[in-house]
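Hi there,

Here is the structure I promised to pass on. Have a look at it, and then read on for what turned up.

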Amino acid sequence: MKIYNTFSKTKEEFVPLNPPNVSFYVCGPTVYDYFHIGNARSFVMADIARKYLEFKGFIVNFIMNITDIDDKIIKKSINEKKSTREIADFFTAAFKEDLKRLYIKPATLHPKATEHIEDIVLMIKQLIEKGYAYEVDGTIFFDISKFKDYGKLSGKNLEELEAGSRIDINENKRNPLDFVLWKKAKENEPEWDSPWGKGRPGWHIECSAMSCKHLGETIDIHAGGNDLIFPHHENEIAQSEAANGKKFVRYWMHFGFLNFQNEKMSKSLGNFFTTREILSKYSTEAIRLFFSQTHYRGPLNFSEELLAAAEKGADKIRNFALRINEELSKDLQEDGYPDFKIKSFYDEFTIAMDDDLNTPQAVATIFNFMREVNKVLDSGTKVNSKFLEDVKKFMKDTAQNVLGIVNFEKLTSNKKEALDDKLIEILIEIRQTLKKEKNYQLADIIRDRLNELGIVLQDKKEGTSYIRK
RNA sequence: GGCGGCGUAGCCAAGUGGUCUAAGGCGAAGGUCUGCAAAACCUUUAUUCGUCGGUUCGAAUCCGACCGCCGCCUCCA
């Protein structure tokens, strides 16, 4: 299997440090708000990468951090007159809920910054001892001039960075590009004790400390959005490698942006849709299909039209799954395995995914597979349960357990659930007409049949309403 | 200014030297099936891959120039 490594800018054969184990770290959210559908793209693609590694037989230790203390959380806590903890806890819960609705497999662990202050302080201490960091009045900075590889991941050149720098000159910094490891506490802000007085960790250090603690000094895969390459991941490399003296990450994976009207979707631009908003209109399967139909490194434009098209595609897969289940429920004969090579579809799927997670190609394989199976079923050939079980297994192994574009355990879409109410309204309307025509027999059939489904009609003067039993 | 990416059918999008007269999805047209539908299936929908040159027996794929779009260089998935 090949993975594109941002560090080398080439596709590399993936070989973990300690097979079959894989250590996988993904930069998670700062919990100050609901995450948007652009963030969801990264989380879903990381989930697909993780699940495909598991499909290949790897045992993945999947860590996704939660940044639960930072400027934005503090700002929100002041605006809403709540503690930073309340804000963080609320949005952490919302985050986990949304991940679940996106069919994202729970991480092995979601470490929180505030629960790793000791580890962070320890790492900063090491950096100071080794001469990579310096203190100015209770604040600790990383001295990038001491780390000779700085800029290697992002391809930045230090002189040019400084020349074109838009960073405010901080009098305390030796170099404008030096970054904060530990922030001196301000009044009314959360604070923790440290050898340099009260304060709180800078943003970059938590990932270095937590990934080291939970995955070790050298990890196999570190993933995140394209916008994290610089400075966040560059800084992580500097901190981790300076402190540990070892290679930090073996494969760097970065996800392309989700754009809206050709511009990067982001909180600061305000051109975003929250994931929950989108989940209320489109099925998880459609959202994941939408993401899977584009390669993870490229840009992807978001629009409701495209999502609606993906929903149609998801419907097609859903119909297929329903058909297989229906066939399986019939009385089946022992023999009747058609001339059909499921293995070749597994091969095609694997070849596609092995090539730097070519999900569009993998999706195409699944659609081709469904068409071929439908042809067999349409031909009227008797098929046995073994064949149908194999078909179902293929769909579960690939479309469900890796891509997450179908769910045999839940073969209705969110959209369809939302449709239920409208459908009942239509039945009530028809029944109203029947009543006017005094066709009470049919009207009663509608009422009785709905009743059997747990929907109780109530005829009142002002019209018909209904309740669910 | 520096670094990186992108431009393939009506739309989305794989493919990155020959099997490409280019996968798959959505849409559209016609057909099979059906009482009519739906679902499914079949056929059609790019001789062409931003433009112009070049390399090559051969290019969507490599090189050069140009045009257009986007991202990072500040918090950001």
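**What was found**

In chain A, the domain assignment gives three stretches: domain 1 (2-264), domain 2 (281-403) and domain 3 (414-468). Please keep in mind that this is a predicted model. Taken over C-alpha atoms, the centres of domain 2 and domain 3 are 36 Å apart.

Most peptide bonds are trans, and most residues other than glycine have a negative phi.

**Cis peptide bonds**

Pro19 and Pro20 are joined by a cis peptide bond, with omega at about 0°. To find Pro20, go to the loop between strand S2 (10-13) and strand S3 (21-26). A cis bond also runs from Phe230 to Pro231, where omega is near 0°. Pro231 sits in helix H7, which covers residues 229-244.

**Positive phi values**

Lys81 is not a glycine, yet its phi is positive, about 55°. You will find Lys81 in the loop that links helix H2 (71-80) to helix H3 (84-101). Is this lysine, Lys81, buried or exposed? Lys81 has 75% relative accessibility, so it counts as exposed, the cut-off for that being over 50%.

Lys438 is another residue other than glycine with a positive phi, near 55°. Its place is the loop between helix H14 (414-436) and helix H15 (440-452). Lys438 counts as exposed because its relative accessibility is 63%.

Happy browsing, and do write back with any questions.

Best wishes

Notes:
Residues numbered from 1 in each chain as written. Chains lettered and ligands numbered in written order. Predicted model: local features only at pLDDT ≥ 70, side-chain atom pairs only at ≥ 80, totals over all residues. Heavy atoms only, no water. Domains from an automatic or database assignment. Helix = DSSP H or I, 4+ residues; strand = E, 2+ residues; numbered from the N terminus. Buried < 20%, exposed > 50% of the residue type's maximum accessible area, 1.4 Å probe, protein only.
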